[in-house]
Amino acid sequence: MSERTAALHAARRSAAVLAALALAAGLPPAASAQPLQDNAYAIDLFQGPILAPLRVTGIAGAYAGYAEGIVGMVANAAAPAVREPFSFRWLEWDVAASISIPIELFENNDFDNSGDIDLDYSNFVYLTLGGQLQAGDFGVGVNAELQQYLLTDAAGAETTVVIGKYHFLGGVRLLGDTLVLGAGARAVTLGLGAEQTNLTIAGISPELGLLIRPDWASYRLGATLRLPVNGGRLLGEGAITDGRVRRAGGLILPNEVVLPWELEVGLAVQVGPRPLNPAWINPHEQERELRAMIARRRAEREARREIELGAIEEPAARAELERAFALERARERAADERELAAGPAVLERERRARYWNWPREHLLITAELLVTGAVSNGVSLERFLAQNQPGSDQGASAVGTSGAHVSFSPRFGIETEPIPGRVHTRFGSYYEPNRFGRLGSGRVGRQHFTFGADIRVLSTTLWGLLPEVAYTLQASMDFAPRYDSVSAGIGVWH
């Protein structure tokens with residue numbers, strides 16, 4: 001900052017004294033704050049309130065230790081290779097999409113926990129889209145999370161802001177199902193669209209994950225490390241420079257957009273008769289066993305025939321028996337071929353029956369700790385979006401007010417089926433840490449309570465076009481001081 005006046009010198013000396021006193025008292029030092037006047041800042045894409053697929057939200061984000069399905073990619077990089085209990089085929093593929101338009105029950109949303117009631121940038125659309133492919137012990141997956149904001153400034157001009165977070169992952173199962181390892185990349189984009197403006201800031205970095213799930217055990221352990229993503233490259237057109245300050249859509253652009261590093265460690269424990277970690281049956285191995293069994297059966301039959309033929313010395317009788325054996329072989333070979341041809345379908349039906357015959361009653365308990373790194377010269381996304389909003393306090397948008405230190409978020413969740421086969425419920429709680437240093441009124445974190453439910457409503461084949469699938473109505477809720485969100489969707493019952 002400029003040192004043009006003695007008053008500024010005095011203010012700095014006072015701030016230094018206060019910081020020293022804070023350190024002496026064992027408190028975190030205050031983050032230095034500067035008004036958002038130029039490009040020398042970074043958008044801290046720390047996610048306070050959970051924005052995730054409905055199942056993950058329902059158990060308060062405590063999903064790293066469970067890590068199943070496409071939704072698991074947001075919590076554990078090993079998720080693409082985790083075989084779900086209803087995985088019946090060697091080659092499996094799946095796609096999933098959901099859209100959430102959070103419903104605010106009360107007009108009191110302070111989305112970023114800054115202490116101020118947020119403006120219309122708290123209203124957004126959250127979209128997830130993902131797919132995964134599993135082949136034997138290997139799996140790959142892609143998942144995208146998009147948040148879209150529509151801003152209107154005092155002059156009525158509109159700016160669309162789209163935040164994209166992406167996971168590109170691959171994984172492998174080792175030691176049966178006991179250990180699953182995953183790795184890949186996490187990317188971020190920030191897009192700005194306005195009149196004569198179409199800009200994107202992008203970045204990418206690695207992430208690693210693992211899951212420990214011994215066969216038939218009632219627990220799992222999972223962890224993921226995501227390195228920081230620094231998106232600084234500006235693509236597109238429409239940025240203007242005004243006095244060495246780059247702007248677009250009425251917003252002062254950052255030097256970079258940062259997804260801070262994250263370490264997510266979780267545990268899942270299940271009680272009740274339903275198994276948590278059933279051993280996955282490899283269809284190829286099962287079919288090889290079927291072929292081996294048929295081959296052994298043929299060999300045993302031939303050995304029996306040889307013994308019978310060896311006991312006959314008279315040539316005519318021996319020849320007659322050989323002709324009978326030839327006809328018998330033909331009938332047996334035809335029966336074996338039919339069994340081999342029908343084998344894969346029969347075995348798949350057996351695997352499906354194995355899954356559907358398991359009891360439904362269970363209580364799944366999950367817990368985790370999410371550690372999020374610091375960001376230098378950070379500004380929260382909400383403060384960035386508030387720059388040109390009517391009634392916003394520009395002075396509150398200060399460099400260094402977000403991401404001043406490492407944050408810790410413990411999380412806890414419970415899943416169960418109170419009405420087996422019909423209703424699935426979730427409950428959870430998580431602590432949203434303060435991300436604003438010791439500036440402003442948002443100096444403490446807040447506790448969130450989450451709820452979720454799936455209700456099975458119908459089964460259909462869509463007029464014979466698809467295998468029969470059971471569909472559910474889904475909902476999730478998240479409540480905290482100065483924050484509430486309700487989302488709904490449609491899912492598939494498993």
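This is a predicted model: local features need pLDDT of at least 70, side-chain atom pairs count only at pLDDT 80 or more; totals for chains, interfaces and linings use all residues.
**Stop 1**

Begin with strand 10 and strand 15, which pair in the antiparallel sense over 3 bridges. Select G231 and you will find V257 of strand 15 standing opposite.

Next, move on to strand 15 (residues 256-259) and strand 2, which run parallel and are joined by 3 bridges. Here, A42 stands opposite E256 in strand 15.

Finish with strand 2 (residues 42-44) and strand 18: this pair is parallel, again with 3 bridges. To see a facing pair, select D44 and look across to S380 in strand 18.

While you have the strands on screen, here is a general point to keep in mind: in a regular strand the side chains alternate between the two faces of the sheet.

**Stop 1: the cavities**

How many cavities of 30 Å³ or more does the structure hold? There are 5. To find it, select Q47, V74, R226, E262 and L370, which are the closest to its centre among the 23 residues that line it. Then colour strand 6 (158-174), strand 16 (262-271) and strand 17 (363-372): these are the elements that give two or more residues to the lining of the largest cavity. Sorted by class, that lining has 11 nonpolar, 5 polar and 7 charged residues.

The second largest cavity has a volume of about 190 Å³. Of the 20 residues that line it, select F46, Q47, G48, F111 and E382, which lie nearest its centre. Two or more lining residues come from each of strand 5 (138-152), strand 6 and helix 5 (381-385). By class, this second lining has 9 nonpolar, 5 polar and 6 charged residues.

**Stop 2: two loop residues with positive phi**

Select A60, in the loop between helix 2 (54-58) and strand 3 (91-100). Phi of A60 is near 60°, a positive value in a residue other than glycine. Is A60 buried or exposed? A60 has a relative accessible area of 0%, so it is buried.

Now jump to N377, which is found in the loop between strand 17 and strand 18. N377, too, is a residue other than glycine with a positive phi, near 55°. With a relative accessible area of 46%, N377 is partly exposed.

**Stop 3: D215 and its contacts**

Last, select D215, in the loop between strand 8 (197-212) and strand 9 (219-226). Its relative accessible area is 33%, so D215 is partly exposed. What does D215 touch, not counting residues up to four places away in sequence? Show D177, N277 and A279, and you will have those contacts on screen. To end, pick the C-alpha atoms of D215 and L175: these residues are 40 apart in sequence, and the two atoms lie 9.8 Å apart in space.

Conventions
Residues are numbered from 1 along each chain as its sequence is written. Side-chain values use heavy atoms; hydrogens and water are left out. Helices (H or I, at least four residues) and strands (E, at least two) are DSSP runs, numbered from the N terminus. Buried means under 20% relative accessible area, exposed over 50%, partly exposed in between (1.4 Å probe, protein chains only). Contact means heavy atoms within 4.5 Å. Two strands pair if DSSP finds at least two bridges between them. On a 1 Å grid over the protein atoms alone, a cavity is a set of points where a 1.4 Å probe fits but cannot get out, and a pocket is an open set with protein on both sides within 12 Å along at least five of seven lines; lining residues have an atom within 4 Å of a point. Grid points are joined across faces, edges and corners, and a volume is the space filled by probe spheres set on the points. Ala, Val, Leu, Ile, Met, Phe, Trp, Tyr, Cys and Pro count as nonpolar, Asp, Glu, Lys and Arg as charged, and the others, Gly among them, as polar.
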